Amino acid sequence: MSQTTATPQEIEHAIRNIPDFPKPGIQFKDITPVLADARLFSGAIDLLTERFKPGSVDAVVGIDARGFIFAAAAAVKLRAGFVPVRKKGKLPHQTIEQDYALEYGSATVAMHVDALKPGARVVLIDDLLATGGTSAAAAALVKKLGANILEIGFLIELKFLNGREKLKGWPVRSIIAY
Ligand code: AMP
């Protein structure tokens with residue numbers, strides 16, 4: 001491990017809790033103080049990638065939008081490509097799409113149809129696992145393209161929302177759990 005590595009506890013201390021954002025009853029986990037601290041940011045990437053050797057992963061798939069930050073840095077560290085899963089309507093080329101349920105209504109995520117080769121070794125990363133709807137939809141897109149998910153990684157997991165239930169069958173890992 002490099003000298004810059006941080007512990008999960010140090011990263012947790014830097015996460016800022018914002019009550020009632022973006023709406024009443026939600027406690028938003030603000031990860032920007034982690035990103036702004038060079039040691040904590042690189043430590044978070046070390047922790048998210050520690051199970052994999054550089055060259056053993058073909059692509060890191062990141063989820064719109066905060067997931068991009070961690071997934072792109074992880075991809076560079078693992079010498080892997082980076083693939084974005086975006087909200088519907090944002091990607092310019094032909095896409096595959098997956099709907100998922102929200103508390104009220106539904107949402108759709110999309111990925112470029114040629115973003116992953118069949119059999120590609122993929123790590124999926126987002127900043128936070130809440131109900132699991134977003135990451136389960138992203139995982140379904142990866143599966144549709146025939147790629148293999150080695151791990152679904154999160155910096156933060158809100159355990160009381162049981163998001164792992166929606167990710168059954170995939171190896172799920174989080175660095176910090178509430
Ligand atoms: P879910 O689909 O319920 O697992 O929600 C996960 C997505 O919503 C992630 O991309 C998170 O960035 C975001 N999210 C959900 N809840 C929170 C929270 N309390 N604080 C920060 N981001 C959240």
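Where does the ligand sit? The ligand sits in the largest pocket, where sitting in a pocket requires more than half of a molecule's atoms to lie within 2 Å of its grid points. A pocket is found on a 1 Å grid over the protein atoms alone, as an open set of points where a 1.4 Å probe fits, with protein on both sides within 12 Å along at least five of seven lines; lining residues have an atom within 4 Å of a point.

This is a predicted model, in which local features need pLDDT of at least 70 and side-chain atom pairs pLDDT 80 or more, while totals for chains, interfaces and linings use all residues. Residues are numbered from 1 along each chain as its sequence is written, and side-chain values use heavy atoms, without hydrogens and water.

The ligand is surrounded by 13 residues, each with a heavy atom within 4 Å of it. The closest are R66, D127, T131, G132 and T134.

The largest pocket holds about 1,200 Å³ of space, a volume being the space filled by probe spheres set on the grid points. Among its 35 lining residues, R66, L128, A130, T131 and T134 are the closest to the centre. Strand 7 gives the largest share of the lining, four residues.

Key:
Helix = DSSP H or I, 4+ residues; strand = E, 2+ residues; numbered from the N terminus.
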